[in-house]
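Q: Please take a close look at a single part of this structure. Pick one residue and describe what surrounds it.

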Amino acid sequence: MTGPAGNIEYRVAHLRERLAAEELGELGVRVEVRGQAVVITGTVPSAECRDILLRTAREELADLAVHSDVVVAENTSPDHAEELP
Amino acid sequence: MIRVAAVGDIHMGAESQGVLRPAFDTLPDCADLLLLAGDLTRHGTPEEARVVAREVKGLAVPVVAVLGNHDHHDDQPEKVTGILQDADVTVLEGQSTVLDCAGTRVGVAGTKGFGGGFVGRSAGEFGEPLMKEFVRYSRRCADGLRGALDELRERDCEARIALTHFSPVADTLAGEPLEIYPFLGSYLLAEAIDTGGADLSVHGHAHMGTEHGMTAGGVRVRNVAQPVIRRAFNVYQLHTADEGAARV
């Protein structure tokens with residue numbers, strides 16, 4: 001694609017708009033252009049959210065390589081406290 | 001000593017029920033109260049609020065919360081607040097509460113807060129009506145926090161905590177893109193905290209930020225967004241003024 005519709009930066013911007021507007025309401029992940037690929041990083045609340053996020057990204061950026069390092073929030077208790085004297 | 005458990009940005013949705021409860025059930029062993037620093041839901045719907053309410057209802061420690069921007073998205077913050085209150089959560093917006101934690105009086109003052117940025121790089125109350133309202137809204141939130149901290153000063157608390165969703169300082173945003181700092185917090189909150197006085201400031205909102213920071217007045221700030229602390233909650237052991245005097 002050429003012209004504005006094919007511009008990778010605008011396509012990433014549109015992906016971010018979709019992630020915020022659709023079922024995820026996701027504003028907390030980072031989506032960055034690296035060369036001809038797109039890298040998505042951050043933490044999401046559940047594995048289901050991660051699946052939806054990556055599915056949406058691959059839909060929106062169908063002809064681009066999408067690399068993911070998205071992790072699911074950890075729900076364990078802390079093993080120590082921080083002391084504030 | 002007060003043991004303060006805190007987490008923000010838990011972003012609960014329909015499939016989240018039960019994921020945090022096992023950790024929350026351990027709270028009586030390690031904490032005297034639980035603070036929730038906003039963005040408890042994804043879209044601020046009553047259904048999501050009910051997931052949060054069930055997750056914290058009946059906990060053996062008191063729960064105090066502020067809402068976040070996500071909790072406003074469905075334009076029903078009053079309903080979200082009501083659902084949480086029905087689960088015995090104290091929800092603060094420009095208000096304060098005093099808890100008796102094992103004989104120690106702990107005051108919590110809270111507001112969601114808002115953006116605007118930090119000194120020298122902040123939005124001004126100038127120009128278009130929307131821009132002026134943006135800054136005025138942030139100022140109203142900060143004024144509410146200041147008023148709530150002032151109330152606590154009159155109520156003989158041994159420890160005072162400022163609870164917000166947006167950040168009072170830039171320190172705890174380190175890791176976020178600099179360009180979005182004005183959407184992540186406001187120095188007006190820090191000014192309110194330093195003027196009103198607090199022993200600890202707790203916030204969320206900045207998922208890519210850093211846990212530790214400090215206001216210009218020397219109040220310790222902790223970003224407890226769940227993606228930052230990477231746990232169900234963190235615990236801060238806060239020594240009270242009386243203990244400090246006893247040690248001297």
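A: Leaving out neighbours within four places in sequence, B:L35 is in contact (heavy atoms within 4.5 Å) with B:V4, B:A5, B:A6, B:V7, B:V64, B:V108, B:I161, B:L163 and B:V202. This is a predicted model, in which local features need pLDDT of at least 70, side-chain atom pairs count only at pLDDT 80 or more, and totals for chains, interfaces and linings use all residues. Residues are numbered from 1 along each chain as its sequence is written, chains are lettered from A and ligands numbered from 1 in the order in which they are written, and side-chain values use heavy atoms, without hydrogens and water.

B:L35 is also among the residues with the most contacts inside the largest nonpolar core, along with B:F24, B:L27, B:L34, B:L84 and B:F233. That core has 54 residues. A nonpolar core is a set of buried Ala, Val, Leu, Ile, Met, Phe, Trp, Tyr and Cys residues joined through side-chain atoms within 4.5 Å; buried means under 20% relative accessible area, exposed over 50%, and partly exposed in between (1.4 Å probe, protein chains only). Another core, of 18 residues, lies apart from it and includes A:V12 and A:L53.

Now the strands. Strand β2 (residues 33-37) of chain B pairs with strand β3 (residues 63-66) of chain B in the parallel sense, over four bridges. Strands are DSSP runs (E, at least two residues), numbered from the N terminus, and two of them pair if DSSP finds at least two bridges between them. B:L34 has B:V63 in β3(B) as its bridge partner.
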